[in-house]
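Take a look at the structure below.

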Amino acid sequence: MSEYFIYYSASNIVSCIVFGIMLAHDRLSIDKQEKQLKYDDALIAFMLYFLSDAIWSGVDSGVFPVNRFTVLTTNFINFIIMTAITSRWLMYAMAVEQIPIRDKRSTKIIIFIPFIVSVIGVIITYILAPNLLLDENLKNTNLYDAYLVSIPYIYIIVVIIYAIKKAITEKDPIEKKNHLYIGFFPIMVLAGGLMQMILMPRLPIFCFSCMILMIIYYIQFMESQISLDPLTKLNNRGQLTRYVSQNSNLKIDDRKTFVIMIDINDFKMINDTYGHAEGDNALLIVAKSLTVTLRNQSFPMFLGRYGGDEFVLIVYPVNEDEVNTLIKEIRESIRNNCKNENKPYILSIGIGYDEFLGNQDTFSNCIQRADNKLYLDKEYCKNNGELTTCK
């Protein structure tokens, strides 16, 4: 049996097993987000391609019968599955980017049209002029190779152009990174496929590049589940615990450390009056306001959602005056965002902070002191009419 076939098919089968493990883990998960389901669709398409590509290598190496039918069939099946992979990746990218028209029937039809046209084109060419697809040695012609990659690469290029365009205009560094992830890593697939086709057709470079791509995305997804709050995309409480468990994160030379607790005043009123969906919107306004305000500061910081409608900040200013200035900017940013988004309410927040003193002080004691001051601030807001109000 050909060593080339054994090596090539083994690489594809190992990749298929790895993706199968990832797929099984996702399917057994309780969480079924839209982007996760779209990612799983891409995984299934990749697995089918790896199996098909292993069979193709058997034909290409002479292990399986070599004739016009087997060569054209294996190439054609690879082409169909490759188009499915790239179209599924486009749907995944649209889910991650939350493109509003992604679920419209017209959008799905537009995405499907290049695939249908290309399949019909191959069939017609096979019937009328098969020599355009294979030469006298039953090897793909350059025209056929170009045709096989043209439609899949159209999908990939669309994703790359869209993601890079979004990254250029995006101001939020976290969102910018997400756009670049979506757009940059398909370039690995593009480059891997071209390199294998042009330079080393008997090495499964495309298989390896696909596996690296999907593992990177899988790791990124798992990290976001572990460390990020799913609604606000801020650090979650588990990440806070990991952060403060490292003593080096609690003190920075020549800087003070302050823990700030933030809580939305009358948050229950928003849920009861406008519904829980609007309550989520209120949390997003606060998260956005905090992120934008902190981005303009010069000192280091940690921001997370503590739980419910509570947020926690760890900041490292030179002096306490910077903390008071920051708090004023946070309150103003939240009020302005409510007005700009034409919300039927104006959010008010309670804020309490205290300094981490080091030595015998602990983070738990510091956050408790900040929390006590938070409720004193909420009481002050209540007594002075500075509550969340409806317009």
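Nine names mark a nonpolar patch on the surface: Phe69, Phe112, Ile116, Ile120, Ile123, Ile124, Tyr126, Ile127 and Leu128. Together they have about 920 Å² of accessible area. Such areas come from the Shrake-Rupley method with a 1.4 Å probe, and for residues only the protein chains shown count as cover. Patches are made of residues with over 30% relative accessible area and no salt bridge; like charges are joined within 9 Å, nonpolar side chains (Val, Leu, Ile, Met, Phe, Trp, Tyr) within 5 Å. Helix H4 (residues 105-128) gives the most to this patch, with 8 residues. Leu128 lies in H4. Helices (H or I, at least four residues) and strands (E, at least two) are DSSP runs, numbered from the N terminus.

This is a predicted model: local features need pLDDT of at least 70, side-chain atom pairs count only at pLDDT 80 or more, and totals for chains, interfaces and linings use all residues. Residues are numbered from 1 along each chain as its sequence is written, and side-chain values use heavy atoms, with hydrogens and water left out.

The loop between H4 and helix H5 (142-169) holds Leu138. Its phi is near 60 degrees, a positive value in a residue other than glycine. Asp254 is not a glycine either, yet it has a positive phi of about 65 degrees. Asp254 sits in the loop between helix H8 (237-244) and strand E1 (257-264).

Now to the helix pair. Helix H1 (residues 3-28) packs with helix H2 (residues 34-61) at an angle of about 165 degrees, their axes 9 Å apart. That makes H1 roughly antiparallel to H2 (an angle over 145 degrees). By class, their contact has 17 nonpolar, 8 polar and 5 charged residues.

Finally, the salt bridges. The structure holds 12 of them, each a side-chain nitrogen of Lys or Arg within 4 Å of a carboxyl oxygen of Asp or Glu. One joins Asp229 to Arg305, with the closest N and O atoms 3.2 Å apart. Asp229 lies in the loop between helix H7 (205-227) and H8 and Arg305 in strand E2 (residues 301-307), so the pair ties together parts that are 76 residues apart in sequence.

Conventions:
Axes are lines fitted to C-alpha atoms, for helices over the stretch in contact, and angles run from 0 to 180 degrees between N-to-C directions. Angles under 35 degrees count as roughly parallel, over 145 as roughly antiparallel, 65 to 115 as roughly perpendicular and the rest as oblique. Ala, Val, Leu, Ile, Met, Phe, Trp, Tyr, Cys and Pro count as nonpolar, Asp, Glu, Lys and Arg as charged, and the others, Gly among them, as polar.
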